[in-house]
Amino acid sequence: MITQFWTLSAAGFAATAISFGPARMGFGLFASKFRAEFGMSGTAIGVVSSLGFLGFFLGLLLAQALLAWRGPALPVLMGLGAATAGMGLVALAPGLPVLASGVFLAAASAGLAWSPFNDAVHRKIDDWDRPTALSAVSTGTGVGIALAGFIALGTHLWGLPWRFSWGVFVAAAVAALLVNVVVLRKVEKAADTGTGNRWGELLQPAAIPVFLIGFVFGATTAIYIAFAGDHMVSAGGVPGLPVAATPAAIYICYGLVGLSGLWTGQIKGAIGLPMLLRLLMLAGALSVGLLAIAPGSWPGLVVSAGLQGVYLMMISAVLAFWSERLFPALPSLGFTAVLLAAAAGNVLGPLAAGVASDALGSQAMFLGAAVLPALTALLLRARHARERPAAA
């Protein structure tokens, strides 16, 4: 029997696979191709990447408003429509302005299409099945990144133009859109809870660490997404693989190893939140640092991409459950606020990194970027990782 557990899980999986896979990550996957075709400097790559993450930031705000107005179907379907249109623009882009517009629109889908599923699952699925359903939704991210990498790898190995990959991404987005049209038409708007004007309640001392860690996480992951593939191509790739296929290998490792995020809850239960956060921040620092130290080796590629995948998926999971516990009366709004802090890091990180790369070189830029999560790990104390509000 097909229940809402299965239909919502599948719809959410498809939506995150597209929006957090090729729609949000595709620019970095093909940055070296875009540099060659459109004559982009490091600064230009940083600006376009930041523009995409600005779309993600604005998408988060719009999703919250649309969710309160019409329920989860509208923001999710708008997000997948934006992914389809944005990736279509990239596939057909004759120049940099159209490319940048497509990147912005495609990345906005990630902000629109994720958080509404928290609302749908919370209301339509029994309590004991919700963690499994939300895990299935979040798993779409790792699978989407890995599949984007496999598609790009096939394109390189078969000698097809990069635009072919983006055509495949568009077709996949259309399929995900149709699945969600069918599933989400059965999910009505929630009753008005009056949370729209309660942003001020999120500003409490116990919440400052989660926002700071969200910002550092956002900046680090965005720098990696924007520059890792292009840097390894410039370094000559890795032995036995066509140089142009190097970013595809990075994203395959990134996505597949990132599936370990499914075990975040168990690891946190075993070692505690403060230690988990320290280890993840060190993983993020080492991942970025390896790009500077060993960009032309298979061990460097696999370990760097794998650690970045773990960093991305596990910190995403931590931010989800940490914000839910800090803001028990406002779980959706609280999670959106934390994601906005991460999105602010997404926007500012590549901008600064692009300028630093042109001025100081990629190696110095990556070493500098590694300092941010490393310093966070060093300064983090147990009192900074409280999982409940001060009054609880």
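**Exercise 1: Aromatic pairs**

Find how many aromatic pairs this predicted model holds, and then decide how the rings of Phe 27 and Phe 34 are arranged.

*Solution.* Start with the count: a search of the whole structure gives 14 aromatic pairs. Now take the rings of Phe 27 and Phe 34, whose centres are 5.5 Å apart. Two rings pair if their centres lie within 6.5 Å, so this distance qualifies. Next, look at the planes, which stand at 20°. Planes under 30 degrees apart count as stacked, so the Phe 27 and Phe 34 pair is stacked.

**Exercise 2: Buried or exposed?**

Work out whether Phe 27 and Phe 34 are buried or exposed.

*Solution.* The cut-off you need is that buried means under 20% relative accessible area. Phe 27 has 5% relative accessibility, so Phe 27 counts as buried. Phe 34 has 0%, so Phe 34 counts as buried too.

**Exercise 3: A pair across the sequence**

Describe the pair formed by Phe 34 and Trp 166, and say which helices the two residues lie in.

*Solution.* First, the geometry: the ring centres of Phe 34 and Trp 166 are 6.3 Å apart and the planes are at 45°, so this pair is tilted. Second, the location: Phe 34 belongs to helix α3 (residues 31-38), while Trp 166 belongs to helix α9 (residues 162-184). The pair therefore ties together parts that are 132 residues apart in sequence.

**Exercise 4: Charges over rings**

Find which aromatic residues have Arg 24 and Arg 70 over their faces.

*Solution.* Take Arg 24 to begin with: it lies over the face of Phe 56, at 4.4 Å from the ring centre. Then turn to Arg 70, which sits over the face of Trp 69, at 5.3 Å from the ring centre.

**Exercise 5: An enclosed space**

Describe the largest cavity and its lining.

*Solution.* Begin with the count, which is one cavity of 30 Å³ or more. The space in the largest cavity is about 70 Å³. Residues lining the largest cavity include Arg 24, Phe 27, Ser 49, Val 103 and Ile 225. Then ask which elements give two or more residues to this lining: they are α2 (22-29), α4 (42-70) and α6 (96-113). Of these, α2 gives the most, with four residues. Sorted by class, the lining has six nonpolar, three polar and one charged residues.

Terms used:
Residues are numbered from 1 along each chain as its sequence is written. This is a predicted model: local features need pLDDT of at least 70, side-chain atom pairs count only at pLDDT 80 or more; totals for chains, interfaces and linings use all residues. Side-chain values use heavy atoms; hydrogens and water are left out. Rings of Phe, Tyr and Trp (its six-membered ring) pair if their centres lie within 6.5 Å; planes under 30 degrees apart count as stacked, over 60 as edge-to-face and the rest as tilted. Buried means under 20% relative accessible area, exposed over 50%, partly exposed in between (1.4 Å probe, protein chains only). A charge sits over a ring if NZ of Lys or CZ of Arg is within 6 Å of the ring centre and within 35 degrees of the ring normal. On a 1 Å grid over the protein atoms alone, a cavity is a set of points where a 1.4 Å probe fits but cannot get out, and a pocket is an open set with protein on both sides within 12 Å along at least five of seven lines; lining residues have an atom within 4 Å of a point. Grid points are joined across faces, edges and corners, and a volume is the space filled by probe spheres set on the points. Ala, Val, Leu, Ile, Met, Phe, Trp, Tyr, Cys and Pro count as nonpolar, Asp, Glu, Lys and Arg as charged, and the others, Gly among them, as polar.
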